[in-house]
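Please look over the sequence and the model shown here before reading on. The paragraphs that follow go from local surroundings to the arrangement of the whole.

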Amino acid sequence: MKKYLDLKYSEFTTNKSFNFSRKKILNVLPEKYLLDAHKVISKWKGYKETPLINLKKLSKKLGTNNIFYKDESKRFNLKSFKALGGAYAVEKIAKNKKKITVSTATAGNHGKSVSWGAKKIGVKCKIFISENVSNSRALEMEKLGAEVIRVKGNYEKSLSICKEISNKKGWQIVQDVAWRKYEYIPKLTMAGYSVMIKEISNQTKHYITHVFLQAGVGGMAAGMISGIAKYFRRIPKIIVIEPEHANCVMQSIKNGSIRKINIKKQSIMGGMSCAKVSLVPWRILKNAVNNCVSVSDKYVPQTLAMLAKKKFSEKKIIAGECSTPGIISLISCCNDSHLKKKLEINKSSNILIIGCEGDTDKVLYNKLYKIGRQKLKKYE
Ligand SMILES: Cc1ncc(COP(=O)(O)O)c(C=O)c1O
């Protein structure tokens with residue numbers, strides 16, 4: 001096949017320790033967590049399953065049966081899957097404790113979810129952000145009633161300051177990352193994310209054959225895999241996608257244990273620009289992931305623009321930067337005929353891609369869209 005859009009992956013790897021076990025996965029994130037998350041979240045005001053869009057035009061191009069795109073831009077008014085995690089964790093831990101203050105460190109969307117959850121149940125909220133988080137993201141959280149504290153340095157620094165101040169002040173940290181003796185709350189956020197898989201299992205009768213899951217610290221990917229273990233009758237091939245300079249899951253999979261990486265260049269896919277996979281997700285990912293793919297930022301604008309210009313689907317899709325790498329990596333894998341064969345991507349395949357956010361940062365979205373439109377002219 002001719003190389004579609006000239007897309008290439010940066011690196012591809014196969015997990016030598018692959019050994020999918022529903023039982024082991026649901027030992028890490030027990031079924032009762034998954035069931036409770038769905039029970040609670042589906043009762044929230046304004047709850048609706050987010051659309052599962054068939055990317056028919058892309059499917060035709062790549063010669064597959066279906067490519068499903070879970071459109072999280074429609075998740076409540078928060079426009080990201082993160083709405084399912086932080087807000088749910090806040091509700092669980094603040095139950096009957098109106099006086100508590102919750103806090104978190106964030107790249108944006110998780111903090112928005114925590115702020116929204118805190119507002120919903122009337123508790124105070126403190127958000128720590130790094131230098132890399134845009135003002136428009138900070139403003140969104142302030143609009144939801146949170147106090148936003150900007151910290152000099154990167155995400156790791158914002159988290160360490162959040163821990164330090166929260167411990168001093170007695171604030172309850174609601175973090176999506178786990179560390180030693182801090183596992184319950186990250187598990188709640190992952191259980192929240194699994195609601196996406198519960199919905200998908202209601203939305204299509206097709207057996208999903210491949211799922212492409214973005215990873216930052218791995219919480220979303222592991223939450224989705226737990227959902228797959230619980231709700232899917234057949235286990236698809238699971239492919240984790242990361243930015244090329246922030247491939248901490250890939251490096252850990254290659255290494256066989258958690259490996260912290262040195263991010264040489266922050267990715268434009270801000271939520272995924274993470275240096276170290278989180279502890280609880282790792283316990284799931286290490287044996288459940290078939291493959292890891294890393295991709296370059298350079299394809300993000302054109303993919304975002306193509307989704308908006310209905311190049312892959314009948315309907316316009318507003319996809320933020322972190323929603324693009326699923327499509328980038330799928331096309332890249334199909335552009336490599338050996339790999340396409342190895343992954344068994346063919347006319348019977350029903351592929352699932354997660355459109356994890358919409359235009360959560362409007363300024364960035366508009367900038368990337370403009371760049372993408374220019375690039376597209378090359379192909380028109
Ligand atoms: C906006 C956003 N933030 C973060 C992530 C990564 O989630 P996690 O850090 O749980 O792996 C994603 C997707 O993977 C995302 O779309």
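Two residues are taken to be in contact if their C-beta atoms, placed from the backbone, lie within 7 Å. The model is a predicted one, in which local features need pLDDT of at least 70 and side-chain atom pairs count only at pLDDT 80 or more, whereas totals for chains, interfaces and linings use all residues. Residues are numbered from 1 along each chain as its sequence is written.

With that contact criterion, Gly-108 touches Val-133, Arg-137, Gly-270, Gly-271, Thr-360 and Asp-361, residues up to four places away in sequence not being counted. Gly-108 sits in the loop between strand 4 and helix 5, where helices (H or I, at least four residues) and strands (E, at least two) are DSSP runs numbered from the N terminus. A residue is called buried if 20 or more other C-beta atoms lie within 10 Å of its own, exposed if 12 or fewer, and partly exposed in between, with C-beta atoms placed from the backbone. Gly-108 counts as buried because it has 25 C-beta neighbours inside 10 Å. Between Gly-108 and Lys-82 the separation is 26 residues in sequence and 9.5 Å in space, C-alpha to C-alpha.

The expected span of a helix is 1.5 Å times one less than its number of residues, so the 13 residues of helix 5 (residues 109–121) should span 18 Å, which agrees with the 19 Å between its end C-alpha atoms. Because 10 of those 13 residues are buried, helix 5 is largely enclosed by the rest of the structure; among the buried ones are Asn-109, Lys-112 and Trp-116. They pack against helix 4 (86–93), strand 4 (101–106), strand 5 (124–129) and helix 6 (135–143). Just after helix 5, Gly-122 takes a positive phi of about 75°.

Helix 4 is likewise largely enclosed by the rest of the structure, since six of its eight residues are buried, including Gly-86, Tyr-88 and Lys-92. The cover over its buried residues includes helix 2, strand 4, helix 5 and helix 8.

On the scale of the whole protein, the domain assignment, which is automatic or comes from a database, gives domain 1 (4–80 + 189–377) and domain 2 (86–175). Their C-alpha centres lie 25 Å apart, and the contact takes 16 residues from domain 1 and 14 residues from domain 2. On the side of domain 1 that touches domain 2, helix 2 (31–41), helix 8 (184–193) and helix 16 (362–377) are the elements that give two or more residues.

What, then, lies between the domains? A nonpolar core is a set of buried Ala, Val, Leu, Ile, Met, Phe, Trp, Tyr and Cys residues joined through C-beta atoms within 7 Å. In the largest such core, of 117 residues, Leu-213, Ile-225, Val-240, Leu-285 and Ile-353 touch the most other members. Helix 10 supplies the largest share of this core, seven residues, and, because domain 1 and domain 2 both give residues to the core, it lies between them. Ile-225 touches Ile-25, Ile-238, Ile-284 and Ala-288, again leaving aside residues up to four places away in sequence.
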